[in-house]
Amino acid sequence: MTVRVSDPVSAPSAVRLIWGSRFYRAAVISLFLAGIGISATNPQLTLFFVNDLGASLPVAGLFYLTNLAAPVVGFWIGRWSDRRPDRLSLFRVGGIIGAVGWIAMALSTHIWMPFVISVVALSVAGAASAQIYAAVRDELNRTPTGADNRVVTTVRMAFTLGWIVGPVLGSWFGTVFGLRALLACSGALMLAQLVPFVGMRVPRFVPEPVEVHQPDQDRETPPTVEHLTDRRALIPLFAFTGLCIVAISGDTIKFAYLPIYMANDLHLPASVRGAVIAIQPFVELLLIPLFGVLAERFGAMRLVMVGAVLGMAGNACYALTSGVLGLFAAQTLMAGLWAAVAGLGINVAQHLYPRGVGLASSTFLGSIPVASSVGGVVGSIGVTQLGIPDVFFLPTILCGLSALGLFLTHRAAD
C-alpha cells in the first residue's frame, strides 16, 4: 500500500493551508496543549506514587500496565466515532473525563486509586483525543489539499513540540508547587485543549455513492456499520499497529537503562547525559516535516519501513558504542524511527482502514502506551539475562522484525 498524493513540488504549503483554516489551527493549538499536559506529568508519576502515596518502586512500576487498557477502549470509542455525525463531540467528552481523572489523581490518598483512574478515565480521554486526527482526515477527504501527508505531519508536530516543552515545565512546576498541583494543572490543560474548538463542528465525512456499470446495480452503497466491523478489513490495520508496537517498544528500554549506562559505565557528566537525551526530540521535530515531504513522493508506508530500519541501527549503536559520539548518532537514528512512526503512522493507519478513520486513529494511537508496557516487560527480562549494554540488542532485533513485517504488509496491501 502506497499513501501518495500529487507532486510535492507543485502542492501548496502545509503551513499556509493550516494557517488558512480555523479547524487546522485549532487542532495544532489543542494538540500542543495536550502534549504539554501529558508530558509534564508522566515523568513525575513514579515519584508521586513513591513519595506522596508511599508505594514501593515495583508497585509504582506496575502502574504502566494500565496502558494495556488503551487499545481496547480505543477500539470501542473509535467504532462509536465512525457512527456519529460529528467527531468533536466525543473529543469534548473525553477531554472533560480526562480533566476529572487528573484532578482525581491529584487528590488520591491510596496507591490503588491512580490505577483505577488510569483505566477508567485516562484511557477514555486518550482514545477520545485521537478523534482530532480522524476529524483532520475527514477535512482532507472533504477538501483534498494536494499535501495531505504534510498537513497531517505538521499537525502532529504540535503534539511533539508539547512533549519537548512539557517535561521542562513539569520538572520546574512540580519542584516549586508540588506534584499534586502539577497533576491538577494537567487536568486544567485537558480542559484548555477544548477551548480552540468552541463553537466548531466538524461533520464526519461520508463518501457519496459511486456509480458502477453493472446492469443489475446502478449504485454502490456507502459503508455501513456491518462493513465497519468486517474482521478481514481490519487485519491490515491491526497488523500495522502491532508492528509499530514492536518497533517503538525499545524506547522504554532506552529510557530505563541508557541513563544508567551513561552514568555507571561510561562515567559521563550530567550535562552530557542530558544533552544526549535531549537531542532526540529536537531532531525528531526537524525530521517530521521532511518525512512528510518524502511521503508525498515515495509513500508513507515506505517511510515507516525506513524508520524501523533506522531504529534497528540506533539500538545497535547503543549496544556497541562506548563513546559520546556513538550515543549522539544512536539518538539521531532513533529520532528517524519516531519521526516516521509518530509523524506518518496515523496517516498509514487511516488509509489501511478508510471506511472507519475514527477507529483507525484511536487504534493506532493506542499502540504507543501499549508499546511502553511491552518494552518494560522485555527490558526487565532482558537486562537480567544480558546486562547493560547488551540489553539493547533486543530492541535491535525487534526493529528488524518490525521492518520485515512492514515490508510484507506493504506487499500484501499493494
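**Figure 1. Histidine 267 in the loop between α13 and α14 of the predicted model.** The loop that holds histidine 267 runs between α13 (250-265) and α14 (270-298). Histidine 267 is not a glycine, yet its phi is positive, at about 55°. Its relative accessibility is 62%, so histidine 267 counts as exposed.

**Figure 2. Arginine 87 in the loop between α5 and α6.** Helix α5 spans residues 69-81 and helix α6 spans 88-106, with arginine 87 in the loop between them. Arginine 87 counts as buried because its relative accessibility is 2%, and the cut-off for buried is under 20%. The side chains of arginine 87 and aspartate 82 are joined by a polar contact of 2.7 Å. With neighbours within four places in sequence left aside, the residues in contact with arginine 87 include Gln131, Ala134, Ala135, Asp138, Val202, Arg204, Val357 and Gly358.

**Figure 3. The cis peptide bond between isoleucine 388 and proline 389.** Omega for this bond is about 10°. Proline 389 is located in the loop between α18 (367-386) and α19 (393-413).

**Figure 4. The largest nonpolar core, with 107 residues.** Met105, Phe197 and Phe240 are the members that touch the most other members of this core. Helix α16 (residues 324-352) supplies the largest share, 15 residues.

**Figure 5. Surroundings of phenylalanine 197.** Residues up to four places away in sequence are not counted here. Phenylalanine 197 touches Phe23, Ala26, Ala27 and Ser30, and also Leu88, Phe91, Arg92 and Ile132.

Terms used
Residues numbered from 1 in each chain as written. Predicted model: local features only at pLDDT ≥ 70, side-chain atom pairs only at ≥ 80, totals over all residues. Heavy atoms only, no water. Helix = DSSP H or I, 4+ residues; strand = E, 2+ residues; numbered from the N terminus. Buried < 20%, exposed > 50% of the residue type's maximum accessible area, 1.4 Å probe, protein only. Polar contact = N/O pair within 3.5 Å; in protein donor to acceptor, adjacent residues only side chain to side chain. Contact = heavy atoms within 4.5 Å. Core = buried A, V, L, I, M, F, W, Y, C linked by side-chain atoms within 4.5 Å.
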